[in-house]
Amino acid sequence: MPKIVVNAFLTLDGVMQAPGGPDEDRDGGFAHGGWQAPYSDDVTGRLVTEGITDADGFLLGRRTYDIFASYWPKITDPNNPIATALNSRPKYVVSRSLDRVTWNNSSLIKGDVVAELRKLRQQPGRTVHTWGSTGLLQTLLKNDLIDEYRLFIYPVVLGSGKRLFGSGTVPVALKQVESVTTGKGATYHRFEPVGKPEYGQMGT
């Protein structure tokens with residue numbers, strides 16, 4: 001049964017909207033697109049590459065699918081590991097508006113999304129990875145469908161924008177299984193859910 005692994009680029013205040021460029025996602029009048037670029041380095045590049053090549057398949061929301069499908073099929077260099085993985089492996093696209101998906105090895109998930117995702121988790125494989133897809137992540141959070149988080153956290157605060165832990169968030173305790181600090185101040189964390197939070201009284 002494949003694990004659902006969430007990958008996200010986050011500001012310190014949890015914003016994940018439009019890290020890659022000014023016009024990536026202007027929903028809500030978001031004016032900070034491209035905030036990730038100043039912090040890119042070889043370490044984050046290696047971690048992103050390792051994460052994408054680790055996936056057996058990809059679970060994408062409509063906007064992220066559109067962004068990926070407009071770019072990655074054009075990258076045909078067999079020595080590009082990210083393009084090779086994204087172009088060749090299964091892609092499961094969750095959308096209410098799309099009628100079909102044409103990128104190689106893509107399939108559309110519509111209707112009862114939660115039921116379809118639970119069926120997906122019964123298929124063979126190790127991991128299915130999300131990238132971006134903020135709206136889809138709220139559904140995953142609300143329905144306890146996330147098996148691992150791989151979070152890149154950047155030393156910048158934006159104050160507004162779409163957040164990973166939004167309206168679908170329910171309380172959960174996490175165990176950190178890996179942490180890396182890059183030369184430009186970003187940090188990478190892998191977390192696994194371990195059940196409900198525990199509570200106590202400090203100083204007792």
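Histidine 129 is found in strand S5 (residues 127–131). Helices (H or I, at least four residues) and strands (E, at least two) are DSSP runs, numbered from the N terminus. This is a predicted model, in which local features need pLDDT of at least 70 and side-chain atom pairs count only at pLDDT 80 or more, while totals for chains, interfaces and linings use all residues. Residues are numbered from 1 along each chain as its sequence is written, and side-chain values use heavy atoms, with hydrogens and water left out.

**Histidine 129**

- Histidine 129 counts as buried because its relative accessibility is 0%; buried means under 20% relative accessible area, with a 1.4 Å probe and protein chains only.
- The side chain of histidine 129 has a polar contact of 3.0 Å with the side chain of asparagine 7, and another of 3.3 Å with the side chain of threonine 127.
- A polar contact is a pair of N or O atoms within 3.5 Å; within protein, one must be able to donate a hydrogen and the other to accept it, and residues adjacent in sequence count only if both atoms are side-chain atoms.
- Leaving aside residues up to four places away in sequence, histidine 129 touches residues including Val5, Asn7, Phe58 and Arg150 (contact means heavy atoms within 4.5 Å).

- Strand S6 (residues 148–154) runs antiparallel to strand S8 (residues 187–193), joined by 5 bridges; two strands pair if DSSP finds at least two bridges between them.
- Isoleucine 153 has threonine 187 in S8 as its bridge partner.
- S8 also pairs with strand S7 (residues 174–181), in the antiparallel sense, over 7 bridges, and glutamine 176 stands opposite phenylalanine 191 in S8.
- S7 and S8 form a hairpin with 5 residues between them, and glycine 185 in the turn has a positive phi of about 95°.

**Largest pocket**

- The largest pocket holds about 1,200 Å³ of space.
- Its lining has 44 residues, and the closest to its centre are Arg63, Thr64, Trp131, Gly132 and Ser133.
- A pocket, on a 1 Å grid over the protein atoms alone, is an open set of points where a 1.4 Å probe fits, with protein on both sides within 12 Å along at least five of seven lines; lining residues have an atom within 4 Å of a point.
- Grid points are joined across faces, edges and corners, and a volume is the space filled by probe spheres set on the points.
- Strand S1 (3–11) and helices H1 (42–54), H2 (62–69) and H5 (134–142) each supply at least two residues of this lining.

Technical notes
Buried means under 20% relative accessible area, exposed over 50%, partly exposed in between (1.4 Å probe, protein chains only).
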